[in-house]
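Open the model in a viewer and keep the selection panel at hand. The stops below follow one another, each with something to select.

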Amino acid sequence: MRRLGTVVPVELAPGVDASMVIGYETALRVLRDPGTFSKDPRRWRALAEGTVGPDSPVMPMMEYRPSCMFTEGEEHRRRRAVVEDSLSRVDPIALRGYVEDTADTLIDRFQEAGEADLLGQYAAALPLLVLTRMIGCPAAYGERLFIAMTAIFEAGSDAKRAHGEALQCLNELVAFKRANPGPDVISWMMAHPVAVTDEELVHELSVLFGAGTEPEQNLIANALRLLLSDDRFAGRLSGGSLPIDDALDEVLWKDPPMANYCVHFPVHDVVLDGVRLRKGDPVIISMAAANNDPAQSSHQIVGNRAHLAWSAGPHVCPAQGSARLIATVAIEKLLDRLPDVELAVPGAELKWRPGPFHRALAALPVHFPPVQDLKDENSVWPGEIPGDSPRSTVGPAPRSSATEVVAPSPGTPESGGWSLWNRLVGRWRSR
Ligand code: HEM
């Protein structure tokens with residue numbers, strides 16, 4: 001691709017053509033020029049002309065939704081304020097505590113076995129369980145959303161159905177939170193001075209769940225893979241957070257969780273680095289390629305945060321701090337509890353999951369000296385009372401007297417806890 005230049009033709013799915021930006025400086029120019037490159041997919045020419053159909057597997061990741069991710073200008077600023085202001089109220093100390101609790105609980109479940117798949121049994125489950133606590137979402141909704149989001153990111157034949165299931169679940173969640181507000185992100189979004197409708201909330205939450213689970217699990221898993229497979233980290237793993245910080249920087253530069261995304265649509269015909277782009281034809285940024293552009297002036301990775309893993313410009317990820325904290329604590333905890341953990345297969349034999357957008361491992365098998373479990377096997381999730389209302393982000397959630405909408409219990413009577421974890425792992429393994 002490099003031989004072709006900095007903007008190259010790609011096919012994202014059968015019949016879905018796009019131009020992919022692989023140069024670092026060019027990517028920054030696109031991301032920082034919303035006047036020329038819009039995030040609004042209603043400008044997508046092939047979709048309007050019918051040459052790309054609504055059933056294409058990439059549609060759930062690329063089609064318009066009334067959310068901050070797919071809007072521009074004043075509308076984007078308004079929507080983004082709701083998300084950004086509410087996320088900024090999350091207490092990092094409380095968040096660290098959720099990650100530690102969740103990590104401990106997950107590790108308790110496999111520490112005696114002496115082996116685990118750190119993807120299915122740890123990295124895939126942890127972000128969702130943390131996110132549901134962070135934003136005030138009952139675990140039962142979280143489970144349904146996790147299953148749907150996994151299929152959406154893979155952009156396979158199930159993506160369309162999964163998208164419908166995610167929207168249905170989010171509608172139910174919004175109705176539940178309207179009736180049962182608490183001191184949590186969803187309730188803060190509902191009470192924000194920019195009054196958002198329920199429909200808007202559903203779509204903002206769909207972005208939060210998509211962004212907050214799949215890329216997060218990939219950051220954790222890709223960093224663990226690096227730490228466990230690269231000789232540069234050998235012998236440094238129990239030495240505090242420095243190697244973890246280094247590994248996260250390296251993954252964010254070299255193996256960013258969203259490898260290719262940030263789809264933009266030119267608002268008029270434009271020539272970019274000698275390539276003519278037509279109005280409304282998708283331009284996708286390869287964060288993986290741009291970060292590793294040999295023409296880049298700096299090749300210093302450690303401590304350098306100028307990578308594009310969080311994107312750049314007006315749509316840059318508003319949750320970078322929380323996302324990095326979650327990954328750091330999750331990895332710290334694992335290495336602290338299982339200091340002799342080792343990959344069970346050579347690093348080069350690990351398999352990657354399909355999909356045009358993400359950089360995602362299929363499994364991360366490890367072994368370690370078994371650790372005897374001294375905890376009560378039948379304990380419920382820390383702090384979680386089966387069937388109870390969701391826990392808050394900053395303290396106990398007040399129970400509303402308006403209880404027409406009650407927490408759901410799909411499949412089993414419990415709303416969360418171990419059962420959620422068991423089902424997640426079971427489903428992940430049966431994929
Ligand atoms: C390792 C984890 C994460 C990575 C790599 C990541 C990366 C990104 C990237 C590349 C974008 C730009 C997407 C685009 O323009 O199309 C983005 C946007 C966004 N991210 Fe993150 N993200 C992560 C975690 C999170 C978390 C935990 C949340 C919230 C809980 C979150 C919320 C958002 C939102 C709301 C946007 C849309 C912002 C806008 O369009 O104005 N992200 N993220």
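Is Cys262 buried or exposed? Select Cys262 in this predicted model: its relative accessible area is 10%, so the residue counts as buried, the limit being under 20%. Cys262 belongs to strand 5. Most residues other than glycine have a negative phi.

Helix 11 gives the largest share, seven residues.

Next, show the ligand itself. The ligand sits in the largest cavity. Display its surroundings: 27 residues, of which the closest are Lys39, His76, Arg80, His315 and Cys317. Colour the shell by class, and 20 residues come up as nonpolar, four as polar and three as charged.

- Lys39 has a polar side-chain atom 2.8 Å from a ligand oxygen.
- Arg80 also places a polar side-chain atom 2.8 Å from an oxygen atom of the ligand.
- For His315, the distance from a polar side-chain atom to a ligand oxygen is 2.7 Å.

Move to the iron atom. Which protein residue is its donor? Select Cys317: its SG atom lies 2.3 Å from the iron and is the single donor from the protein. Cys317 is located in the loop between helix 13 (287-291) and helix 14 (320-337).

Stay in the loop between helix 13 and helix 14, and select Ser311, which is found there. Ser311 has a positive phi of about 70°, although it is not a glycine. With a relative accessible area of 11%, Ser311 is under the 20% limit and therefore buried.

For the last stop, select helix 1, residues 24-31. How many of its eight residues are buried? Six are, so helix 1 is largely enclosed by the rest of the structure. To see them, show Tyr24, Thr26, Ala27, Leu28, Val30 and Leu31, the buried residues of helix 1.

Terms used
Residues numbered from 1 in each chain as written. Predicted model: local features only at pLDDT ≥ 70, side-chain atom pairs only at ≥ 80, totals over all residues. Heavy atoms only, no water. Near = heavy atom within 4 Å. Polar contact = N/O pair within 3.5 Å; in protein donor to acceptor, adjacent residues only side chain to side chain. 1 Å grid on protein atoms, 1.4 Å probe; cavity = no way out; pocket = protein on both sides within 12 Å on 5 of 7 lines; lining within 4 Å. Sits in = over half its atoms within 2 Å of the grid points. Helix = DSSP H or I, 4+ residues; strand = E, 2+ residues; numbered from the N terminus. Nonpolar A, V, L, I, M, F, W, Y, C, P; charged D, E, K, R; others polar. Donors = N, O, S within 2.8 Å, 3.2 Å for Na, K, Ca; no water. Buried < 20%, exposed > 50% of the residue type's maximum accessible area, 1.4 Å probe, protein only.
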